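Open the model in a viewer and follow the stops below in order. Each stop says what to select and what is there.

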Amino acid sequence: EYAADYPERYEGKEPQERPVRFSGPAWSPDGKYCVINASSSDNKDRWILLLDVSTGGLKLLDRQRDEAWVSYGGGSGWMPDNKRLWYVSEKSGYRHIYWVNCETGNKKQLTQGDFEVSGPYFSKSKKHWYFHTNEVHPGEKHFYRMPLEGGAREQLTNMTGSNSVQLS
C-alpha cells in the first residue's frame, strides 16, 4: 500500500536511507502471530508487520503515510479471536479504531466520522469497546461504549467539558 502519488514522487530516483524505529514484538495470546511496528524517524511513515518466526520474513499488514505527521500512539492489541490485531490510525484524517486480520490481510475500520477516538479498551466480557471521543465538539470529550465489531456508539457521559472516565 503506497501513497497514490508514489510513482511521481519516487520513480527514477535513488532510494534514500532513513532511520526507522521498531517496537514489539507483540505476540497474540495464543502465541500463533507476532507483530512488529515500525515508524520512520521523520514520522511520515508507519508500518505494521507480521513476523514469520520460522523464516524471519516480514509481511506488510498496514502502512500509513502522511507528509505532515503519522501519529504513532493510540494503542493496539489483539482481538479476542487471536487472529486480528486492532490499532488506532489517522488514515481517514481522524484517529479511529481499525483491525487487520493476520491470516487474510483484511481490514476493517470500526469507528468513523469527523472526530478523534482516544484510549480504547475492551469490556471485561470482551463484547464492547470503551473509549473517549470529541465528536460532540472538538474541545469536549465524552465516554462511549460500542459493540466489539463496531456499530452504534452509546454516549455514557453528558456533562459539558472534557470528561475523563476509567472503569473499575
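Start with the whole chain in cartoon view, coloured by secondary structure. This is a predicted model, and its secondary structure comes to one helix and twelve strands.

Next, show the C-alpha trace alone. Along its principal axes the trace spans about 55 × 35 × 25 Å.

Now switch to a surface view of the protein. The accessible surface comes to about 9800 Å², and carbon and sulfur atoms hold 51% of that area. Of the 168 residues, 38% are buried.

Colour the charged side chains next. The protein has 22 positive and 22 negative charges.

Then hide the surface and select the strands S5, S6, S7 and S8. These four form an open sheet in the order S5-S6-S7-S8, with antiparallel pairing. Its edge strands are S5 (76-78) and S8 (107-109), each of which pairs on one side only. Look along the sheet: the twist averages 20° from one strand to the next.

Which strand do three bridges join to S8? Select residues 96-101, which make up strand S7; three bridges join S7 to S8, and the two run antiparallel.

Lys108, in S8, is the bridge partner of Trp99.

Note on methods:
Residues are numbered from 1 along each chain as its sequence is written. This is a predicted model: local features need pLDDT of at least 70, side-chain atom pairs count only at pLDDT 80 or more; totals for chains, interfaces and linings use all residues. Side-chain values use heavy atoms; hydrogens and water are left out. Buried means under 20% relative accessible area, exposed over 50%, partly exposed in between (1.4 Å probe, protein chains only). Accessible areas come from the Shrake-Rupley method with a 1.4 Å probe; for residues, only the protein chains shown count as cover. Lys and Arg count as positive and Asp and Glu as negative; His and the chain ends are not counted. The place of a charge is taken as NZ of Lys, CZ of Arg, CG of Asp or CD of Glu. Two strands pair if DSSP finds at least two bridges between them. Axes are lines fitted to C-alpha atoms, for helices over the stretch in contact, and angles run from 0 to 180 degrees between N-to-C directions.
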